[in-house]
Amino acid sequence: MIGLQHYLVVSAALFALGVLGLLTRRNAVHVLMSIELILNAANVNLVAFSRYAGGGLGGQVFAVFVIVVAAAEVAVGLAIVLTLYRLRRTPNLDDADILKG
Amino acid sequence: MDELTRSLAWFRPEIALVAGLLLVVIVDSIGGAWRGPVMRLLTVGALGAALAFAFELQAAGAKGMLFSGMTVIDPLSAAFKLVLVAAGLLTVLAFSFRNSRELHGLGQGELFALVLALVLSCLLLAASNDIVMLYLALEMVSITSYVMVAYLKGDRMSNEASLKYVLFGAASTGTMLYGFSLLYGLAGTTSMPGIQEYLAGGIPDANRFAVYAVTLLLLAGFGFKIAAVPFHFWCPDVYQGAPTPVTALLSVLPKAAGLAIALRFFYGTLSVPAANAWDLSGSIDWTTLLMLVSVLTMTLGNVAALTQTNMKRLLAYSSIAHAGYLLMGIVALSENGARGLLIYLAAYLVMNLGAFLVVTLVHLHDGSFDLRDYPGLYRRAPLLTLAMAFFLLSLVGIPPFVGFLGKFYVFAAVIEQGMGIYATIGALNAAVAAYYYFKILKVMTIDPGNEDKPALKLAFADQAWLAAFALANLVPLLFWDRIESWARGALVLYAGR
């Protein structure tokens, strides 16, 4: 029987993978994908708690809002990655180094 | 339906901003060469109306929940709304497409719409009463800021700054969201008063570790918004890359809104209200954690600022240091701490916007943000140098200026709580900060150089705004008692009971 704990383990694994991706990936698009993993880890949690821990529908509504916000965030993020790509011809974050000090 | 109409009546500042935002977008899409001044007028009008409504909210002193408990109306949120709208209005009035060399000739409509959206989202954030609302408002603040930072489309610096902001912002708010999802699982509700009730009931030992972990995760989101160490890495790059008027706006608005919601969350959710104060009993000890963050923030900000030569970067590190002092008001966990935070924020608003106005005007005439191009300004622009002296002394926190007022209240609040060592570290930091603020002043007045350059011809409006900001840094001390009673009256935090 699959219960709350199974979902929590899956979401913790997703979160850890997302953080790992954030720290190791050098391609801006890969970093955005890692952020998606983190947001979806939270979504799995929200829906699981809503179903099993008696949190009512609040968690599921929250998850829908998160999906919308994530889409908006990625739209803006990709637009900026694209403009920067036009200027520099590379999506690599290590080359974004004119601002430092 | 009844509740909706009742809520809308307390929602007038936001409604004014939404109306202004829509009108700006419509006017911009009509086209025509005349639309620039019209959109500026609309923006100023919307912000002015919002300011008037915010005054009205504060005078009414109402308490209650709006929109089924999503946001809240109380004197504290009204006071923060006042500060936030004033910050937006002052920025739009003092900075323009005329006096910013970077923005000159760019499309205006988008920026005005974004400014209104940013102020609106900051108002929503400062009054959130539910973690769903908190998350949505936080993301709205972030996304509008990302776009504003990348406003110089063909400029590599502006785009690089924005990319760093997006990736950092999305990662920290994502981390915060994961914390929220766990908090929802523990408390079984997304409402902040509900979570407080859960925590006040005593946390079972099995869940104590989880609540600690959640607090750490949430700190990532709050820390990112107010640029606190170790979530500050984006701050210098974004401040340097963004157009200076946007930098000025970002240095005040998101920081103020972030502190407002941090205050509301840490006082109104993670602590338990006691007689005339708040109490940690039953909840977890977040003050020590936040004190550590605050000490690191002010120390790192000040030390890193010592070696900067780019004025925007220097002011970025200085704003990080100020975030550390501002956090003192939250760590104190008392009414005096919250009052200190509010007064400090109002003071920070006038001194920081003033300093950024000077940087913008020097760039307009000399095309440089480098401190090494500042010598001789004393001779070339006496009024500008005098105004900058006021702002810098205010940022140091020297008595006749408002910066002192802010520091006085937060330090007093911390000492009152018996955190003497903490206050000493803060005072030592203020001494370090004095070094680099005075260094700017020394470069402008004493250092030789630029003898051959002509005097700066400042437009009348720019001179008037410099004088206005300079006076705003000095005059409020004459009305000390009134400011204190204003802040005291603002200290009612409605926690949904």
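Leaving aside neighbours within four places in sequence, Ala86(B) is in contact with Leu51(B) and Leu349(B), two residues being in contact if their C-beta atoms, placed from the backbone, lie within 7 Å. The model is predicted: local features need pLDDT of at least 70, side-chain atom pairs count only at pLDDT 80 or more, and totals for chains, interfaces and linings use all residues. Residues are numbered from 1 along each chain as its sequence is written, while chains are lettered from A and ligands numbered from 1 in the order in which they are written.

Ala86(B) is found in helix α4 (residues 75-94) of chain B. Helices (H or I, at least four residues) and strands (E, at least two) are DSSP runs, numbered from the N terminus. Ala86(B) counts as partly exposed because 18 C-beta neighbours lie inside 10 Å. A residue is buried if 20 or more other C-beta atoms lie within 10 Å of its own, exposed if 12 or fewer, and partly exposed in between, with C-beta atoms placed from the backbone. Ala86(B) and Leu253(B) are 167 residues apart along the chain, and their C-alpha atoms are separated by 9.8 Å.

Chain B as a whole has 20 helices and four strands. Its radius of gyration is 22 Å, which agrees with the value near 23 Å that a compact globule of 497 residues would have. The radius of gyration is taken over C-alpha atoms, and the globule rule is 2.2 Å times the number of residues to the power 0.38. Taken along the principal axes, the C-alpha atoms of chain B fill a box of roughly 75 × 55 × 45 Å. Buried residues account for 60% of the 497 residues of chain B. Of the contacts in chain B between residues at least 6 apart in sequence, 79% join residues at least 24 apart.

Backbone geometry was examined at several loops of chain B. Most residues other than glycine have a negative phi, and most peptide bonds are trans. The peptide bond from Val229(B) to Pro230(B) is cis, with omega near 0°, and Pro230(B) is found in the loop between α9 (205-226) and α10 of chain B. Ser68(B), a residue other than glycine, has a positive phi, near 50°. Ser68(B) is placed in the loop between β1 (64-66) and β2 (71-73) of chain B and counts as exposed, with 12 C-beta neighbours inside 10 Å. Leu333(B) is not a glycine either, and its phi is positive at about 50°. The loop between α13 (311-331) and α14 (335-366) of chain B holds Leu333(B), which counts as buried, with 22 C-beta neighbours inside 10 Å.

Chain A has three helices and zero strands, in the pattern α-α-α along the sequence. The radius of gyration of chain A is 17 Å, well over the 13 Å that the globule rule gives for 101 residues, so chain A is more spread out than a compact globule. Along the principal axes, the C-alpha atoms of chain A fill a box of roughly 50 × 25 × 25 Å. Of the 101 residues in chain A, 35% are buried. Among contacts in chain A between residues at least 6 apart in sequence, 50% join residues at least 24 apart.

Helix α2 (residues 28-52) of chain A has 25 residues and reaches 37 Å from its first C-alpha to its last, close to the expected 36 Å; the expected span is 1.5 Å times one less than the number of residues. Gly54(A), with a positive phi near 65°, follows α2(A). The axes of α2(A) and helix α3 (residues 58-88) of chain A come within 8 Å and cross at roughly 175°. Axes are lines fitted to C-alpha atoms, for helices over the stretch in contact, and angles run from 0 to 180 degrees between N-to-C directions. The crossing makes α2(A) roughly antiparallel to α3(A), a description used for angles over 145 degrees. Residues making this contact include Leu32(A), Leu39(A) and Phe49(A) of α2(A) and Phe62(A), Ile67(A) and Val74(A) of α3(A). By class, the contact has 16 nonpolar, six polar and one charged residues. Ala, Val, Leu, Ile, Met, Phe, Trp, Tyr, Cys and Pro count as nonpolar, Asp, Glu, Lys and Arg as charged, and the others, Gly among them, as polar.

Between the chains, 36 residues of chain B are in contact with 35 residues of chain A. On the side of chain B that touches chain A, α6 (131-149), α7 (156-187) and α10 (234-241) each supply at least two residues. The most is given by α7(B), with 20 residues. By class, this side of chain B has 17 nonpolar, twelve polar and seven charged residues.

Note on methods:
Angles under 35 degrees count as roughly parallel, over 145 as roughly antiparallel, 65 to 115 as roughly perpendicular and the rest as oblique.
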